[in-house]
Structures are given as structure tokens and as C-alpha cells.
Amino acid sequence: MKFGILLGAALLASAAFTQAAETVVDDPYLRNPGDGSNWPGHGRDSGEQRYSPLAQINTDNVARLGVNWALDLPGERALIGTPLAVDGVIYFTGTYSRTRAVDARSGKVLWEYDPKTIEHAGDRLRIMWETNRGPAYYKGKLIITTVDGRLIALDAKNGKMLWETMTIDPRRAYYITGAPKVFRDKVIIGNGGTEHEAARGYVTAYDVNTGKQAWRFYVVPGNPADGFEDKAQEMAAKTWTGEWWKHGGGGNVWNGITYDAEFNQVLIGTGNGSPWNQKIRSPGGGDNLFLCSIVALDADSGEYKWHYQTTPGETWDYNSSMDIILADIKYGGQPIKALLHAPKNGFFYIINRANGELLSAEKFGKVTWAEKVDLKTGRPVEVKGARYESGEALVWPSPIGAHSWHPMSYNPNTGLVYIPTIEMAGVFNDKGIDPVKWQSPHFSIDPGVHFGTDDVPGNWSKAALIAWDPVNQKKVWEKTLPPNWNPGTMTTAGNLVFEGRADGVFVAYNATTGDELWKINVGSGITAAPITYSVDGKQQVALMVGWGGAALLTGTLAGQHGWKYKVHPRRLITFSLDGKLPMPPSPPPAFAQPIDPPTFKVDDQLAAAGQALYTSTCVQCHGSGVVSGGTAPDLRESPIPTSLEAFKSVVVGGARLANGMPQYRELSDAQLDGLMHYIRKQARASLAKK
Ligand code: CA
């Protein structure tokens, strides 16, 4: 009896101690992060399910959800990443990877770390996104990436830098926007850049304690004359033709990386070709391994284990960079350790992780480049003409993808996957491009095929949240959403799915039926996925509010919601049951007011030259057809490009460098003049439409 009391007291003491103690976020914990109090990894668990076992907020009471606290973040622009929550502290990366730790009880900022990305980047700002998809947490360290190519480990307690490593050759046009992943005392990261350079993709694993390189895997083979790095490269080289290495080949791993503890393997989702156009890249055809594939690598050595290629010989930017979810499912009556993957190309794949065997692949959206995937061969049955054999083709999906990087989530209770989808056509035209003479760009955009130089109309795309049954490969429910950029999803044991919308409304749905149960206007466009965790027994849902990302270059399509550059607030908001705080104020949607100085005479020839330069150089931030989607100022209303002197001071002189506007020292007055004529022409065209 006495012993029993003592044991009970000891247990109580140990329980109290456990509560106060720090959570050790290591491999077993990341694989199964316990009761839901923390969101310790990018996809919560290392299997990237984005499922929380918390059910305090559920279908019965979610209507009572309200603002717990809101932290406005002046100076932030793109807040698109997934925060982490560990022991009551929220960690997140913002614009240019500025990193903050915030007390989840109060919303108070505990520390900030600024990697000074703009200063490090220099001319690399030309190809950089300001976006970052989030940090990793591992054994007390917070690990972040910067778009200029660094991997940085911080002390999670105080934000002090422990080490930093440059992961790319700064002379090359690579960049990082992805979240690093951690496993077995290593941290792994890839990079992007296939549209900006003769890019050759790779991933690198580093020692998490020192930043020292452990291993590197190249996605595509280099020049055979230089010798292959490993046997996988030798095998891959047999699937390429011509002198692909001169164009890099591509395959950059800029997002989807999942550590699979059960097989001690890292699954990487590989990028598209560099350039997109296969006629240039590999003129005799071929599958071009390992583009657009899931590749399994041994986690300790980085050695190739198996691969499955979703788009052999890709020529449409259909990369497989989307997230890779690990799930135990029953397929054909058999329990399978599966991976679930819905890449840009519009097919939903179920693959056996033990050996890479394709079990099933079905269309989850509008797809016209292929009829189906032949399960016998594992290969898509392509539609004739889709490869713009004749010089042009209209195909679905667009290069933005039927599903982009915005994370999907998997709820093991409903057995459903919640996918943010986009239905948009791609217009591909390579007329007038000589595949032999074409040269890779260097810090500008050129995918080797014309992808449109005009504004994109607001109705050019449809967006939907779909609930997908992976076992039966069918849609269970669908919710039409405002176009175009469709944020990431999160699902819970409360039988809920949470997702933001492009129009600034945050919504909770019944996970089984898709019924809309709660919504709130957060005052700005949403791009990020939400998370959930609990503090002092209270479940919170957190969302970063900040419009941003690559699809904002689609002009009116992205700009239609009126999330104007620097006008609308950026904030981190947490919600809880009976949260009573009002939403902080936000200005109404705002739209550019193009100006038309009457003394400016537009010369069509100059404007045409300006258009070509704009499309390779300015478009990614200032938007198609000079219509800003919100990433950068709308040049149609800016007085700066109405005066050569003022325009030159910004573009050549770098007067707006601190805002992220790169410096183009080499541009001549004649080139600037061309840009000015094109900008004025577009401003007048939009005024004429009003
Ligand atoms: Ca791409």
C-alpha cells in the first residue's frame, strides 16, 4: 500500500515534470508527435499528413471559433509558409526568411532573426522570390533557408545563429524557397532555378550539428565526359539525348521532400526540365530521368534506391515538386505502406514505398495531355499533339499545375485527402524558337517555349478544394473557390478541414461532407496553410495571412481580389473556441489607377522591344501585361517610368534595392525607353477598357 502511494506520488511528480519539460523533437517524436499539443514539423508529422489528433474544436462547436490574438507584422509581404508550434512557442519564416518566435499564449514576439537576404543576394534578387515555406525544428534547433541559398541553424531558445552553410554556387541562378527537412541528425535541402539558368538539380544533406555536408544527390546526369557521380547518373544518362548538360537538364527539388522512417529513405519530388521544351533539352526524346519523379534515396548515404517518373520526357513544366504524404492504406484488400502524391500533371498517384511500384493513378482534375496512366507499364498514354509537335498546343493543366506546392492533407479517420486544385489551361508555342541556337538564360526567365506575354484574364482559371478518396480514386466532395492561388489545407480529429481562400476568407469544413461550418474575413489574401496545437489545454488554430508566391505573376487573374502591394496588412492570427477579440482593421480591396501623362507619345516599335525585355525580366514580380498581382508595385500607376531619369535611378541605380528591386546596371537608355513605352501602352490600354 505504502509502495503504491509512493509510486503514485512519483508518477504524479514525473507527470508534472514532463509537462514543464521541453519536448525533445527527435526522429521518433517527428514520426509520431503525440497528442497534438505541438505542430513540430512542416507537415506536423514527418509523413507530412497535416493531420492533428486534436478534437477540442470539432464539427459541433467550430461555429464558436473566434480570434484568440492577432499579431500584425508591418513590413512583411509574402507570408506563405507553414509555422511550427513547440511547447507554446510559434516559429515562422516571413518575407526574405525573416524569422520570429512568438509566445502562443499572448502573441508576444520572443525573438527575431534577420538573415539579411537582400544584402547577401545582390544581383541574385533578379530571379528570387521573397517567399519562404517555413523552418524545421530539431533537438532545440530551428533551421531556416534563405532564397540566396543559405541553410542556417538557430538556437530555438533565443534565435542566436549556430551555423550557416552556403548550399549553392552563388554564380549560378539557383535559389531556395522550400522548407528543410530533418532526420537522423541530418538536414536536407534542394533548390529551384530551372527557368532562370542551365540548371542541374540536386539535394544535399548536412550534419545538423555542424552544417558540414554529409551527401549530395544529383537529379539529372551531367556531361558523361566528366564522369558520373554515381551509378544512378550513369543509368539516367541513357534516357537523355543530344548535349543536355549544356542546358543543365533541370529537375531542381524546390519543395517536396519527405523522410520515410519505416524504410529509412528520403523521398524527393523532382522538378521539371531546364528548359521546359524537350525539343531543345533532349532533341531525340527520351524519358530524361530523374525529371518529374519521386526518387527514394538511402537516408544515410544518399544512394539511389528506386524511382517512379510521373511525366516522362516532360515538356510542360509538370514537375513533381508537390508534397509527398506517407499513409498506411488498404489497397486491393492488402495493407500497403503507401505514398500519396498529386503533382502538377493532374494525376493522383498511389505508390508502394517498399519498392516504388505504382498501384494506381487517376485524374483528379481536368487533364488533356494524357488519356490515362497504363498500370501495366506505369507510363502515361499521351494525347497526340500535346507536346506542341506542330509548334503550338492548348493543354490542361497549365504550368501552374492542377495542384501546386500548397500542401494537401490526409485525414486517417475519413480516409480522404484534401487537395487545393487549380483548373487552368496552358498555351504552349515554340514557333520561331530554333532548338539548336537557343541558349539558356542567366538570371532571367526563358523556358524555351513562349508561355504568354499578355495579361491573364480574371476568369482564365477555376479553383476548388476537393476531398479525394485515394483507395477508390474518386472525388467525394468539391468546393468551388475564388481563383486563382488556392492555399494549403489542414485536417483534424474534430472532423474538420481548414483552408484559407484567395479572397481573404478563412473557412472550416466538415471533413466528411464538405459542409461549410465557419468562416471569417482576415483582411488580406491567404496563401499559407494553417496549423493547430494546444497551449494550457486550449486548442488553437494559427494562420499566417500574406498574399504571395509565383502565381501572382498572372496579372489580373491574381490581382482581381485587390490585394495591392503594401496596402493590406500581414499578420499571424490564432483562433480558439470563444475567442472574443475583434479582427484588426484592414483597408478594403484596392486596385491600380493607371496614369496617362498626355505628353508621353507611345511608339509601338519601342513598346514591342520593351515587351520582350519586360517578359524575360520584370514579369515575375510586376505581373503579366504590367498588371501587378500584388508582389510588387503596379507600374501602370507609378510615376517613376514616366521619367527616364527617375526610372534609371531605380532600375540602373538601385534606388529601391532595400525593397527588393534588383539593380540592372547593364541596361541602356534605349532599353529603358522601350520598357517605358511598353508600360505606358499597357496603362493606356487598361484605361481604354474602363
Ligand atoms: Ca518550374
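Modeller: Lys 279 and Asp 430 meet through their side chains in a salt bridge, with N and O 2.8 Å apart; the term requires a side-chain nitrogen of Lys or Arg within 4 Å of a carboxyl oxygen of Asp or Glu. This is a predicted model, in which local features need pLDDT of at least 70 and side-chain atom pairs count only at pLDDT 80 or more, while totals for chains, interfaces and linings use all residues. Residues are numbered from 1 along each chain as its sequence is written, and side-chain values use heavy atoms, with hydrogens and water left out.

Helices (H or I, at least four residues) and strands (E, at least two) are DSSP runs numbered from the N terminus. Asp 430, with 8% relative accessibility, counts as buried, whereas Lys 279 is partly exposed at 31%. Buried means under 20% relative accessible area, exposed over 50%, and partly exposed in between (1.4 Å probe, protein chains only).

The loop between β30 (426–429) and β31 also holds Trp 460, which is partly exposed at 36% relative accessibility. Patches are built from residues with over 30% relative accessible area and no salt bridge, like charges being joined within 9 Å and nonpolar side chains (Val, Leu, Ile, Met, Phe, Trp, Tyr) within 5 Å; the areas come from the Shrake-Rupley method with a 1.4 Å probe, and for residues only the protein chains shown count as cover.

Strand β31 spans residues 461–469 and includes Ser 461, which is buried at 5% relative accessibility. Among the residues that Ser 461 touches, leaving aside those up to four places away in sequence, are Ile 422, Met 424 and Leu 557; contact here means heavy atoms within 4.5 Å. In the loop between β31 and β32 (474–481) lies Gln 473. Gln 473 has a positive phi of about 50° although it is not a glycine, and its relative accessible area of 10% makes it buried.

Across the whole structure, 40 salt bridges are found. One of them pairs Arg 353 with Asp 260, their closest N and O atoms lying 2.9 Å apart. Arg 353 is in the loop between β23 (347–352) and β24 (357–363) and Asp 260 in strand β16 (257–260), so this pair ties together parts 93 residues apart in sequence. Arg 353 and Asp 260 are both buried. Another salt bridge joins Lys 337 and Glu 262 at 2.8 Å, N to O. Lys 337 is in strand β22 (334–341) and Glu 262 in the loop between β16 and β17 (265–269), which links parts of the chain 75 residues apart. Lys 337 is partly exposed at 31%, and Glu 262 is partly exposed at 35%.

As for the setting, the secondary structure of the protein chain comes to 10 helices and 39 strands. Buried residues make up 63% of its 690 residues. The chain exposes about 25,100 Å², with carbon and sulfur atoms supplying 54% of that area.
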